Amino acid sequence: MLDVRRLQVLRAVVTSGTVTAAAAHLGYTPSAVSQQVAALEKQAGTKLLERVGRGVRPTPAGLLLTEHAALISSAVAQAESALADLRAGRIGTLSVRYFATAGSTLVAPALARLRAEHPGVRVDLELADPEDPLQEMVRGRADLAVVVRARGRAGDGFRLVHLLDDPYMAVLPLGHPLAGREVIDLHELAGEQWVGSEPPGPCLEPVIDSCAAAGFSPDFVIRSEDYATAQGFVAAGLGVGLMPRLGLRGRHPGVVVRPVRNPEPVRVISAVARETALDQPALRGLLSALRDAASTEPPTGAAPH
């Protein structure tokens with residue numbers, strides 16, 4: 001393989017016309033320049049320069065390599081410029097994964113701010129199930145994911161940033177005997193038929209665990225993995241449910257929503273970022289925007305209106 005540095009020495013000799021002038025430009029001695037050219041000629045297997053008076057001129061092979069050396073120099077300059085833009089957050093691509101209820105409340109405003117602060121950065125955004133985004137991170141397919149996960153370590157190579165504690169609220173049909181309460185003790189729902197709104201996984205676990213702590217297991221007679229549909233089932237009188245506050249932004253007119261206690265089920269929403277991507281200003285900016293979006297959410301226990 002031809003030595004790139006030697007190609008640039010050849011280019012300096014050809015453009016300046018003499019070995020001495022090239023040496024002065026490069027900060028080498030004339031002897032060192034001659035040695036570099038001789039070594040390149042050995043690699044190329046042909047003469048690259050010929051003497052003309054006190055100077056030199058390129059052979060056809062020398063001219064060919066000089067032209068390619070110019071292209072290489074230009075490509076390196078472009079790479080350096082692009083790297084500077086990437087490190088400054090002016091260009092690049094961020095792969096982001098999220099789950100549905102975090103989309104409109106957290107991800108959307110955060111991406112709007114990212115676009116304003118880093119307009120040249122492209123975002124590869126993809127919806128995933130609450131349990132799936134972390135797997136996308138592990139497989140190297142995402143730089144950042146918004147996940148439902150308990151506080152703690154996310155594993156080697158990942159940074160876990162707590163965003164929000166999202167409490168579950170009791171969702172009751174209008175006219176339910178408990179609808180007039182300001183707060184409902186969880187054990188009071190023990191004898192009810194339940195409408196499930198979560199698939200098995202990290203969003204259902206707080207419900208099951210909290211009910212177990214209150215001394216019962218919920219009797220799911222209907223299951224739906226969509227909060228709007230689940231509210232419709234509740235409104236029809238088919239059961240009660242526990243749904244996270246973020247999932248109740250669009251409330252059905254036929255239900256009553258009340259906070260619960262003793263205990264209050266809570267799912268923890270976090271952002272997980274690859275450690276190697278945290279040197280990107282755009283990723284750090286997105287994390288900051290997600291934290292700010294989470295901080296604008298109502299305090300824990302506040303019922304949606």
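I take contact to mean heavy atoms within 4.5 Å. The model I am reading is predicted.

**Entry 1: Glu198, surroundings**

I started with Glu198. I found this residue in the loop between β8 (193–196) and α7 (205–213). Glu198 is then in contact with Tyr168, Cys203, Leu204, Ser224, Tyr227 and Pro244.

**Entry 2: Glu198, charge**

Is Glu198 buried or exposed? Glu198 is buried. I looked for a salt bridge and found that Glu198 has none. Which side chain of opposite charge is nearest to Glu198? I get Arg267, 4.6 Å away. A salt bridge needs the nitrogen within 4 Å of a carboxyl oxygen, so the cut-off rules out a pair at 4.6 Å. I then checked polar contacts. The side chains of Glu198 and Tyr227 are joined by one of 2.6 Å. Tyr227 is also among the residues in my contact list for Glu198.

**Entry 3: salt bridges, the count**

How many salt bridges does the structure hold? I count eleven. I followed up some of them below.

**Entry 4: Arg113 and its partners**

I looked up Arg113 next. Its side chain meets that of Glu117 in a salt bridge, at 3.4 Å from N to O. Both residues lie in helix α5 (residues 100–117). They are four residues apart, about one turn of the helix. Arg113 also forms a salt bridge with Asp292, where the closest N and O atoms are 2.5 Å apart. This pair links distant parts of the chain. Arg113 sits in helix α5, Asp292 in helix α9 (residues 281–295), and 179 residues separate them.

Arg113 has a relative accessible area of 27%, so I log Arg113 as partly exposed. Glu117 comes out at 43% and counts as partly exposed. Asp292, at 36%, is partly exposed too. I also noted a network: salt bridges that share partners join Arg97, Asp124 and Glu126.

**Entry 5: Arg57 and Glu50**

How exposed is Arg57, and what is its relative accessibility? I get 45%, which means Arg57 counts as partly exposed. Glu50 has 35% relative accessibility and is likewise partly exposed.

How values were computed. Residues are numbered from 1 along each chain as its sequence is written. This is a predicted model: local features need pLDDT of at least 70, side-chain atom pairs count only at pLDDT 80 or more; totals for chains, interfaces and linings use all residues. Side-chain values use heavy atoms; hydrogens and water are left out. Buried means under 20% relative accessible area, exposed over 50%, partly exposed in between (1.4 Å probe, protein chains only). Helices (H or I, at least four residues) and strands (E, at least two) are DSSP runs, numbered from the N terminus. Lys and Arg count as positive and Asp and Glu as negative; His and the chain ends are not counted. A polar contact is a pair of N or O atoms within 3.5 Å; within protein, one must be able to donate a hydrogen and the other to accept it, and residues adjacent in sequence count only if both atoms are side-chain atoms. Lists of a residue's contacts leave out its neighbours within four places in sequence.
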